[in-house]
Amino acid sequence: MATTSLFNVSCSFPSIKVIDCKSYVGGLRSNVSQVRIASLPVATSQRRSLVVRASNGHAKKLGRSDAECEAAVAAGDVPEAPPVPPKPVAPAGTPVIQPLNLNRRPRRNRASPTVRAAFQETDISPANFVYPLFIHEGEEDTPIGAMPGCYRLGWRHGLVEEVAKARAVGVNSIVLFPKVPEALKNPTGDEAYNDNGLVPRTIRLLKDKYPDLIIYTDVALDPYSSDGHDGIVREDGVIMNDETVHQLCKQAVSQARAGADVVSPSDMMDGRVGAIRAALDAEGFQNVSIMSYTAKYASSFYGPFREALDSNPRFGDKKTYQMNPANYREALIEAREDEAEGADILLVKPGLPYLDIIRLLRDKSPLPIAAYQVSGEYSMIKAGGVLKMIDEEKVMMESLMCLRRAGADIILTYFALQAATYLCNQK
Ligand code: PBG
């Protein structure tokens with residue numbers, strides 16, 4: 001409760017324009033003082049004494065009526081105002097040329113912070129973020145080596161504190177990723193639908209503490225599979241589609257039963273969205289949403305995540321179910337199926353290297369679009385920042401803005417807390 005009201009106080013704008021936010025505020029202030037430079041009609045003899053500085057605010061009033069002021073001007077007694085400033089001097093050696101004859105100079109609309117803010121096309125706010133959180137059975141928070149600033153959070157302590165921090169800056173949506181004890185993994189990933197497993201237990205705890213928190217869950221077998229794959233692996237290495245979907249339905253229902261708001265199949269099996277929808281409805285979970293990982297590519301940008309969960313495939317790769325990074329049109333096939341099967345949100349993953357896919361789905365589907373800025377994207381920005389090769393904060397905000405510009409409504413990002421804190425401080 002306390003954290004919610006803190007947010008209301010500190011960050012109550014529905015959306016915040018980021019670029020130039022600081023200078024925007026500064027620009028606004030200096031404009032206000034300029035506006036207050038009143039130029040009043042005065043007798044020529046009095047003019048000198050009535051010169052007003054910008055910082056002084058109002059000019060002294062002479063008690064004249066509007067009609068008297070107008071009459072004075074009409075009679076040629078025009079009051080003094082600051083002169084047109086001199087033309088700024090170019091450095092010595094600047095070539096003297098004829099101006100180009102351009103009827104359009106786009107730079108006019110970028111000339112000042114105020115103008116830039118007025119014409120900014122895209123904005124971003126903490127409400128757009130979903131915060132992915134790693135959880136484990138331990139009591140301590142364990143740092144994840146490949147993801148500086150990220151931890152495997154103890155589900156009963158560290159996690160609850162992290163969620164409170166996120167809510168305080170307006171991030172009220174999270175997605176949970178469990179690190180499952182090795183002893184509980186098996187080839188069919190049955191721990192995935194244990195109603196008393198780590199994820200359902202955590203959902204119940206969070207919903208008890210924060211009933212209005214929106215909890216997304218991951219639906220896939222890899223954290224529970226002794227093979228480290230998202231599906232059941234046959235003897236010959238084939239990932240079995242329909243049998244896996246059967247397990248995923250049980251997993252989604254178990255998460256819904258615990259109180260999940262949005263189940264998110266990230267497994268890329270065919271037909272899983274429709275099957276999960278039917279399974280949820282059959283159990284009375286008509287109001288639980290499905291965010292489908294519609295276009296999930298077989299990407300090397302997932303490396304740090306797999307280290308975080310110790311969920312690397314024990315053999316082979318995920319190329320028979322995740323999409324080929326070379327493919328664009330194929331995303332449409334997935335999108336059409338997911339729409340027809342009843343997905344509520346379509347997700348593209350990874351984010352920044354796949355902006356064209358985000359734009360494609362945005363233009364072709366009326367459904368909300370999610371983008372996942374994945375672990376590798378996060379770690380590269382962090383590493384570049386630590387090495388002082390880039391400005392971490394600026395690159396973070398730019399990358400998130402670009403995902404919005406490409407068409408993402410929501411962004412799953414490990415930067416959610418840091419970026420929302422930045423946005424709130426801008427105000
Ligand atoms: C697994 C899953 C993965 C991610 C989210 N869910 C890894 C994978 O597909 O191998 C990756 C997220 C990230 O890299 O940040 N179903």
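**Note on a predicted single-chain model**

1. Asp310 counts as partly exposed, at 37% relative accessibility. Asp310 has a positive phi of about 50°, yet it is not a glycine. Its place is the loop between H9 and helix H10 (330–341). Helices (H or I, at least four residues) and strands (E, at least two) are DSSP runs, numbered from the N terminus.

2. The model is predicted: local features need pLDDT of at least 70, side-chain atom pairs count only at pLDDT 80 or more, and totals for chains, interfaces and linings use all residues. Residues are numbered from 1 along each chain as its sequence is written, and side-chain values use heavy atoms, with hydrogens and water left out.

3. The overall picture comes next. The chain has 14 helices and 12 strands. Of its 427 residues, 47% are buried. The chain exposes about 21,900 Å², and carbon and sulfur atoms supply 54% of that area. Accessible areas come from the Shrake-Rupley method with a 1.4 Å probe; for residues, only the protein chains shown count as cover. A contact means heavy atoms within 4.5 Å. Among contacts with a separation of 6 or more, 75% join residues 24 or more positions apart.

4. How do the side chains of strand E12 (residues 410–413) point? Ile410 and Leu412 point one way, Ile411 and Thr413 the other, and all are buried. In a regular strand the side chains alternate between the two faces of the sheet.

5. E12 has two partners to look at. Strands pair if DSSP finds at least two bridges between them. Strand E1 (residues 129–136) runs parallel to E12, joined by 2 bridges. Here Val130 stands opposite Leu412. Strand E11 (residues 369–373) also pairs with E12 in the parallel sense, over 4 bridges. Gln373 has Thr413 of E12 as its bridge partner.

6. The second largest pocket has a volume of about 300 Å³. Its lining has 19 residues, with Tyr131, Gly149, Cys150, Tyr151 and Glu162 closest to the centre. Two or more residues each come from E1, strand E3 (151–154), helix H5 (158–168), helix H12 (375–386) and helix H14 (416–426). On a 1 Å grid over the protein atoms alone, a pocket is an open set of points with protein on both sides within 12 Å along at least five of seven lines, a cavity is a set where a 1.4 Å probe fits but cannot get out, and lining residues have an atom within 4 Å of a point. Grid points are joined across faces, edges and corners, and a volume is the space filled by probe spheres set on the points.

7. By class, that pocket lining has 11 nonpolar, 3 polar and 5 charged residues. Ala, Val, Leu, Ile, Met, Phe, Trp, Tyr, Cys and Pro count as nonpolar; Asp, Glu, Lys and Arg count as charged; the others, Gly among them, count as polar.

8. H5 is mostly covered, with 9 of its 11 residues buried. Among them are Leu159, Glu162 and Val163. Just after H5, Gly170 takes a positive phi of about 90°.

9. How many cavities of 30 Å³ or more does the structure hold? There are 2. Strand E9 (289–296) and helix H9 (303–309) each supply at least two lining residues. The lining holds 7 nonpolar, 3 polar and 7 charged residues.

10. A cis peptide bond joins Lys349 and Pro350, with omega about -5°. Pro350 is in the loop between strand E10 (345–349) and helix H11 (355–364).

11. The second largest cavity has a volume of about 60 Å³. Its lining divides into 8 nonpolar, 1 polar and 2 charged residues. Helix H6 (residues 198–209) gives the most, with 3 residues.

12. Leaving aside residues up to four places away in sequence, Ala252 touches Val219, Val263, Ile276 and Leu280. The C-alpha atoms of Ala252 and Leu280 are separated by 7.4 Å, although the residues are 28 apart along the chain.

13. Lys388 is exposed, with a relative accessible area of 73%. Its phi is near 60°, a positive value in a residue other than glycine. Lys388 is in the loop between H12 and helix H13 (392–406).

Definitions and conventions:
Buried < 20%, exposed > 50% of the residue type's maximum accessible area, 1.4 Å probe, protein only.
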